[in-house]
Amino acid sequence: MLQQPFQSSFDLGNGRIVTIETGRLARQADGAVTVRQGNCVLLATVCANKEPREGQDFFPLSVDYQEKFASAGRIPGSFFKREGRLSDYEILISRLIDRALRPLFPEDYLCDVQVLVTLISSDPEIMPDSLACLAASAALAVSDIPIKEIISEVRVARVNGNYVVNPSRTELASADMDFMIGATAKNLMMVEGESKECGEADVVKALEIAHDAIRIQIAAQEELKQKVGVGPKRDYPKPPSDESLQEKVTSFATDRVYAISKGASNKADRSKAYDELKKEVVAMLGDEATSEQVKLAKKYFEDLKWEVVRNMILDDRIRLDGRALDEVRPLNMEVDILPSPHGSALFTRGETQSLTTITFGTPLDELLIESAAKSEYNKFILHYNFPAFSTGEVKPMRGPGRREVGHGNLALRSLKQMMPGNDYAYTVRVVSDILESNGSSSMATVCAGSLALMDAGVPIPKHVSGVAMGLITRSTDGKNAILTDILGDEDHLGDMDFKVTGTRDGICGIQMDIKIDGLSMQTMMEALEQARRGRLHILDAMYNCMAEHRAEVKPHAPRMIKLFIDKEFIGAVIGPQGKIIQEIQRETGTTINIEEIGNQGEVSIFSPAKEGLDRAVAWVKGIVAMPEVGEDYEAKVKSIMPYGAFVEFMPGKQGLLHISEVSWKRLENLDGIMKEGDSIKVRLIGIDHKTGKFKLSRKVLIPKPEFRKDEGGNENPE
């Protein structure tokens with residue numbers, strides 16, 4: 001007999017009910033739940049091996065979020081018509097879940113854990129990413145997999161000045177703040193988001209609102225766990241340990257580690273000294289040491305480094321490279337350093353360096369972003385590359401990993417706050433190649449990207465900079481140290497690392513991971529304020545390098561302009577079977593793209609040369625312009641008739657030049673007067689509004705001659 005499913009529900013506010021259910025689907029998984037709001041349904045499963053792999057010395061957690069196209073009644077657009085590798089959008093959501101879940105597991109837990117979250121039913125108004133981590137945590141909660149606490153994750157957006165938890169897709173479109181926050185009942189764990197230059201106090205308020213909502217969701221998971229009757233968490237094999245060996249390593253190496261940490265300010269020198277000391281630690285064990293003892297000694301040495309450096313920073317207020325706690329490393333930046341890209345910048349901060357380029361494209365180059373709920377085009381693209389040589393390593397070249405996708409997304413979300421609106425004609429691609437890395441390369445990407453955009457002539461109103469911050473705390477005496485512009489080693493040993501980007505007027509992006517319990521909002525405010533000062537210091541240097549964007553794109557950059565025309569003229573510009581638009585492109589050497597948007601037509605004209613662009617713009621404007629009676633026009637004779645000539649006086653507009661309006665002299669025909677292809681000047685003298693026909697005259701532009709009467713009484717010019 002099938003077990004009846006168990007359910008737990010809570011209200012997001014305004015009657016938005018979320019239901020968590022287990023016991024119906026995927027019952028062979030260690031833990032499985034569905035989370036439903038409206039028509040949005042997510043299935044989360046979690047499985048863990050009972051034993052770690054042999055020789056395993058790290059925690060192998062894998063998290064994958066995927067949206068099934070069937071959830072929205074759609075068939076994938078790929079050649080194979082099935083879901084393939086995760087999209088960047090799905091990878092980013094997977095990262096959000098991973099970063100919140102990872103600290104929940106015991107430090108000595110080394111068994112493989114796989115978390116899968118799948119969108120199986122889509123609702124056009126409900127954002128599934130704000131429910132994904134709730135689903136993953138609930139699946140862990142109803143399993144016997146060992147976790148320390150239950151968590152959840154919510155989105156907080158500010159819409160028309162009001163903070164909204166898990167807003168609808170429509171509400172989110174008009175928000176000026178968008179943050180995803182993960183937390184336990186007591187502590188914040190993860191923050192990521194973007195805003196249109198919000199203040200530090202606004203961020204703290206969003207965090208407080210999110211935490212209140214998360215506590216309600218955690219209570220619902222606890223209720224479900226009680227209904228299921230989950231027993232004690234499973235026991236698991238602990239990695240080997242040797243306290244006497246640890247004491248021996250500590251006694252032998254503590255003073256030496258401190259001396260290296262305090263004296264070697266250069267990363268390469270410090271790494272070399274640490275490696276040599278590690279070899280001495282292994283040699284100290286003697287030839288009789290087993291491979292397991294050697295492995296443990298190396299682990300204890302790394303643990304010792306972590307403890308000694310933290311204590312040095314907390315007690316001596318000395319950092320690894322000798323800087324003050326709030327000091328930014330030396331800055332160096334240049335723009336226009338590459339001759340062929342449409343914009344370029346080199347940004348160096350200490351031992352971190354980004355070479356960033358800008359490329360302009362047409363609307364045909366826009367990026368299609370496809371998910372189950374929607375497909376949309378993005379005309380601002382940012383790619384981040386992290387080659388192995390940037391850290392002096394040798395690794396095979398592969399496609400971008402999750403780290404590259406996540407770092408690039410943070411930079412993109414930050415810079416897009418300053419990008420011009422949809423009326424900007426270009427598709428813009430930013431590429432950041434990290435040439436050196438010791439400390440946040442994503443923040444170097446933001447700074448280099450801002451400089452390169454201005455160098456390319458993109459009309460961004462302000463520079464955006466970013467700085468990576470760290471926090472080290474000690475629970476025994478309550479000491480803490482907030483670090484500005486952290487090194488790679490400081491990132492590893494810190495209790496919180498967070499990146500803040502923004503302009504002089506406010507925050508544009510945040511990415512934060514917190515590894516400790518009991519972080520107060522006061523400490524958070526102090527860290528955000530110190531980050532603001534660091535951000536402003538970098539901004540001052542960026543404005544000294546390039547104060548504003550170029551007035552025009554570079555001479556070798558393509559030209560583009562966007563025109564908006566009445567919807568009724570779209571057909572006239574395209575012409576029958578595309579004849580007109582093809583002629584314009586052929587004659588002017590341009591590329592033209594036309595889209596219907598509401599009651600308007602959006603005409604994007606792209607040209608490698610300014611002359612061709614101007615000709616195409618004039619041509620299109622001529623087609624959509626309304627002729628005015630009394631105006632003079634340069635016309636071309638299209639055909640000759642016994643009663644006159646048809647002439648094109650504006651692009652796509654022809655009128656009859658009657659034989660009586662060609663000359664003051666009476667003409668029997670136009671032989672010898674004009675022929676097809678001739679250019680003449682005419683005046684529009686009338687419009688028949690019923691038929692839309694135009695009446696033209698040439699003779700009114702010719703001075704009227706004197707007349708005399710012949711013997712028959714007819715007037716003839718002298």
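Leucine 412 touches Phe380, Ile381 and Leu382 when residues up to four places away in sequence are not counted, a contact being a pair of heavy atoms within 4.5 Å. This leucine lies in helix H8, where helices (H or I, at least four residues) and strands (E, at least two) are DSSP runs numbered from the N terminus. With a relative accessibility of 14%, leucine 412 counts as buried, because buried means under 20% relative accessible area, exposed over 50%, and partly exposed in between, for a 1.4 Å probe and protein chains only. The model is a predicted one, in which local features need pLDDT of at least 70 and side-chain atom pairs count only at pLDDT 80 or more, while totals for chains, interfaces and linings use all residues. Residues are numbered from 1 along each chain as its sequence is written, and side-chain values use heavy atoms, with hydrogens and water left out.

Helix H8 also holds arginine 413, which is buried at 13% relative accessibility. Its contacts, again leaving aside residues up to four places away in sequence, are Asp178, Glu192, Gly193, Glu194 and Cys508.

Beyond residues up to four places away in sequence, threonine 391 touches Phe386 and Ser437. From threonine 391 to glycine 406 there are 15 residues in sequence and 19 Å in space, C-alpha to C-alpha.

Asparagine 160 is located in the loop between strand S7 (152-159) and strand S8 (162-165), and it has a positive phi of about 55° although it is not a glycine. Its relative accessible area is 69%, so asparagine 160 is exposed. Asparagine 166, in the loop between S8 and helix H3 (169-173), has a positive phi of about 50° although it, too, is not a glycine. Is asparagine 166 buried or exposed? Asparagine 166 has a relative accessibility of 4%, and therefore counts as buried.

Another loop residue is serine 122, placed between strand S6 (113-121) and helix H2 (129-141). Serine 122 is buried, with a relative accessible area of 15%, and it touches Asn39, Cys40, Ser71, Ala72 and Ala373, not counting residues up to four places away in sequence.

Helix H2 in turn packs with helix H4 (residues 200-228) at an angle of about 30°, their axes 10 Å apart; such axes are lines fitted to C-alpha atoms, for helices over the stretch in contact, and the angles run from 0 to 180 degrees between N-to-C directions. H2 and H4 are therefore roughly parallel to each other, given that angles under 35 degrees count as roughly parallel, over 145 as roughly antiparallel, 65 to 115 as roughly perpendicular and the rest as oblique. The contact is made by Leu134, Ser137, Ala138 and Ala141 of H2 with Gln217, Gln221 and Lys225 of H4. By class, the contact of H2 with H4 has three nonpolar, three polar and one charged residues, where Ala, Val, Leu, Ile, Met, Phe, Trp, Tyr, Cys and Pro count as nonpolar, Asp, Glu, Lys and Arg as charged, and the others, Gly among them, as polar.

On the H5 side, Lys248, Val249, Phe252, Ala253, Arg256, Val257, Ile260 and Ser261 meet Arg270, Ala273, Tyr274, Leu277, Glu280, Val281 and Met284 of H6. The residues of this contact divide into ten nonpolar, one polar and four charged.

The cysteines remain. The structure holds zero disulfides, a disulfide being a pair of cysteine sulfur atoms within 2.5 Å. Cysteine 508, which is one of the residues touched by arginine 413, is in no disulfide, and the nearest cysteine sulfur, that of cysteine 198, is 8.4 Å away. Cysteine 508 is buried, at 0% relative accessibility. For cysteine 111, the closest cysteine sulfur is in cysteine 47, at 13 Å, which is too far for a bond. Cysteine 111 likewise counts as buried, at 0% relative accessibility.
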